[in-house]
Amino acid sequence: MEDQNTNEIMIQATDLTHFYGPQPAIEEVNFGVKRGEILGFLGPNGAGKTTTMRILTGFMPPTEGKVTLADYDVVEQSLEVRKRIGYLPETVPLHTEMQVTNYLKYMGTLRGMPSRQIKRRVGEVIDVCRLQDYHKTIIGKLSKGFRQRVGIAQAILHEPEVLVLDEPTIGIDPIQVVETRRLIQELGREQTVVLSSHILPEVNMICERVLIIHEGHIVAEDTPSNLAQRLQGVDQLQVEVGGPVQEVLSLLRRVPGVTEVTQRYNQGRNVFVVQVEQDRDLRDEISRAIVSNGWSLLSMQLVSMSLEDIFLRLTTHEEL
Amino acid sequence: MRTIQAVAWKEIQVYFGTPTAYIVGMIFLALTGIVFASGVVPSENNPFPEATLGRFFTWTSLFLIFLPPALTMRLLAEEQKLGTIELLLTSPVRDWEIILGKYLASFAFLLAMLALTLYYPVLLYVFAEPDPGPLYAGYLGLILYGAAALAIGMLTSTITSNQIVALIVGIGVIGALYVVHFSTDIVGGIASVLISEIGFQAHYEDFGRGVIDTKHVVYFLSVTAVFLFLAIRALEFRRWR
């Protein structure tokens with residue numbers, strides 16, 4: 001039974017597209033999240049992380065595409081979805097005029113929790129988020145770090161199946177960052193967690209799987225360790241060839257230094273993705289091999305370069 | 001039901017925890033107090049005043065152009081400004097429950113404000129023998145009219161994140177319904193009947209005379225329902241923006 005549970009798909013997003021005006025914020029985004037998994041969205045600011053999360057939580061519908069959460073459609077069965085999520089928006093919006101405890105009770109009632117459960121859970125989350133000394137404080141008087149804790153407290157209050165955390169460590173001090181990460185990891189043992197970040201080491205530390213999102217597209221998807229490896233310079237070439245697919249494939253595989261070749265059609269064009277050994281530039285060899293067979297070489301691109309560009313825009317170190 | 005209650009209770013707590021509502025209440029009592037006193041205290045111009053609240057009812061309807069939108073302007077505009085609407089709309093609460101809960105909170109505050117004016121009729125009973133009919137009917141009229149004005153304020157607070165805009169547009173819409181009957185003379189004919197039926201005055205006047213006409217009750221309840229419905233639709237539309 002346990003195994004079945006862990007393999008169950010919790011969230012499935014298909015061809016998500018969202019437009020703000022004429023510009024797409026995200027375009028044809030696809031991903032799945034398994035039950036109990038901690039998935040990280042990594043990307044520079046403005047990449048489309050918040051948009052994706054707002055769609056997941058039912059705050060706004062996608063322009064196109066579909067998301068299901070626990071087999072409920074986010075748009076059609078929004079209420080069922082909203083019952084199952086805890087959400088921490090990026091800006092941590094809170095009712096600043098309320099006391100911490102009263103606010104949490106209010107959020108508990110909105111989530112439809114029975115009053116006895118609210119009583120028990122408010123005490124628990126105040127302990128877990130270390131708000132014991134501030135439970136009677138007006139939220140507006142709390143520092144940014146403590147507000148963040150209140151934000152997390154309300155997200156986990158109703159023990160939701162899925163936690164959606166948008167930049168959960170932004171703007172808080174280093175010690176609190178460490179505590180928050182530990183907390184998220186603990187929560188991730190029982191719950192499905194989707195979080196976003198623009199800090200590379202952070203997602204490496206917390207997440208089991210990372211989606212790199214850039215300009216509204218998912219450009220890479222892997223475990224943190226594999227991504228790190230790819231970052232260290234395994235190059236990828238995209239080669240467009242006019243020639244018979246099978247023969248081109250076998251030829252490319254014979255070129256020394258090539259580790260893997262896959263073929264796909266991109267808008268009707270015949271594109272081969274060639275993985276190359278670390279630090280080797282095989283453009284010369286590959287183009288020669290293709291031309292000498294009498295096929296036409298239509299284009300060639302170093303793909304992993306763009307991935308590096310994206311990483312350059314990420315915060316790759318922490319200023320501690 | 002519990003969620004409506006939770007939303008309403010939270011807003012009521014905010015009303016009594018922040019100065020805005022006290023200021024609105026204070027102004028309301030001060031203005032109506034002056035109007036009441038000037039209507040019943042003998043003076044040179046009015047040596048033998050009647051023991052009625054006639055003047056109070058007429059003038060309070062004017063004050064209710066401004067006060068209800070001041071009570072409702074915060075309710076959704078602030079949620080949008082602070083971004084708390086994101087957590088509200090991602091909670092398992094239906095849009096109509098949000099609107100209704102907040103509306104009921106403002107209505108409760110209006111009732112509390114009107115309840116504080118009950119010492120005017122009490123004074124009348126102490127010093128004279130007023131006709132009870134116009135008193136009951138007049139208060140019913142005020143409650144119905146206030147309910148409609150609050151519903152208009154709910155809509156204007158839903159469509160903007162700026163409280164001042166919500167207030168001003170609210171005053172504009174309520175004010176327009178308040179004075180629209182003046183234009184009946186200009187247009188004339190069937191249009192004038194229509195316009196007078198749309199406005200508040202034709203429906204409010206009778207209450208002050210002690211007449212409770214179902215037609216007028218239905219009118220104010222309809223205005224309330226229509227604007228609350230529009231507010232719910234506006235909130236739904238907010239998701240799709």
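Domain bounds in this document come from an automatic or database domain assignment. The structure is a predicted model, in which local features need pLDDT of at least 70, side-chain atom pairs count only at pLDDT 80 or more, and totals for chains, interfaces and linings use all residues. Residues are numbered from 1 along each chain as its sequence is written, while chains are lettered from A and ligands numbered from 1 in the order in which they are written.

**Figure 1. The two domains of chain A.** Chain A is divided into domain 1, residues 2–228, and domain 2, residues 232–310. Taken over C-alpha atoms, the centres of domain 1 of chain A and domain 2 of chain A are 39 Å apart. Chain A has 12 helices and 14 strands; helices (H or I, at least four residues) and strands (E, at least two) are DSSP runs, numbered from the N terminus. Of the 320 residues of chain A, 38% count as buried. A residue is buried if 20 or more other C-beta atoms lie within 10 Å of its own, exposed if 12 or fewer, and partly exposed in between, with C-beta atoms placed from the backbone.

**Figure 2. A:Arg269 in strand S13 of chain A.** Strand S13 covers residues 269–276 of chain A, and A:Arg269 is found in it. Is A:Arg269 buried or exposed? A:Arg269 is exposed, because 12 other C-beta atoms lie within 10 Å. A:Glu240 is 29 residues from A:Arg269 along the chain, and their C-alpha atoms are separated by 7.3 Å.

**Figure 3. The side of chain A that touches chain B.** In this view, 21 residues of chain A are in contact with 19 residues of chain B. Two residues are in contact if their C-beta atoms, placed from the backbone, lie within 7 Å. Helix H3 (78–83), strand S6 (85–88) and helix H4 (100–110) of chain A each supply at least two residues of the side that touches chain B. By class, this side of chain A has 11 nonpolar, six polar and four charged residues. Ala, Val, Leu, Ile, Met, Phe, Trp, Tyr, Cys and Pro count as nonpolar, Asp, Glu, Lys and Arg as charged, and the others, Gly among them, as polar.

**Figure 4. B:Leu150 in helix H8 of chain B.** Helix H8 of chain B runs over residues 132–158 and holds B:Leu150. B:Leu150 is buried, because 29 other C-beta atoms lie within 10 Å. Leaving aside neighbours within four places in sequence, B:Leu150 is in contact with B:Pro68, B:Leu71, B:Thr72, B:Tyr103, B:Ser106, B:Phe107 and B:Leu110.

**Figure 5. Helices H8 and H9 of chain B.** The axes of H8(B) and H9(B), the latter covering residues 163–179, come within 8 Å and cross at roughly 140°. Axes are lines fitted to C-alpha atoms, for helices over the stretch in contact, and angles run from 0 to 180 degrees between N-to-C directions. H8(B) and H9(B) are therefore oblique to each other. Angles under 35 degrees count as roughly parallel, over 145 as roughly antiparallel, 65 to 115 as roughly perpendicular and the rest as oblique.

**Figure 6. Helices H2 and H4 of chain B.** The axes of H2(B), residues 19–40, and H4(B), residues 67–82, come within 10 Å and cross at roughly 175°. That makes H2(B) roughly antiparallel to H4(B). B:Thr20, B:Ala21, B:Val24 and B:Phe28 in H2(B) meet B:Leu67, B:Ala70, B:Leu71 and B:Arg74 in H4(B).
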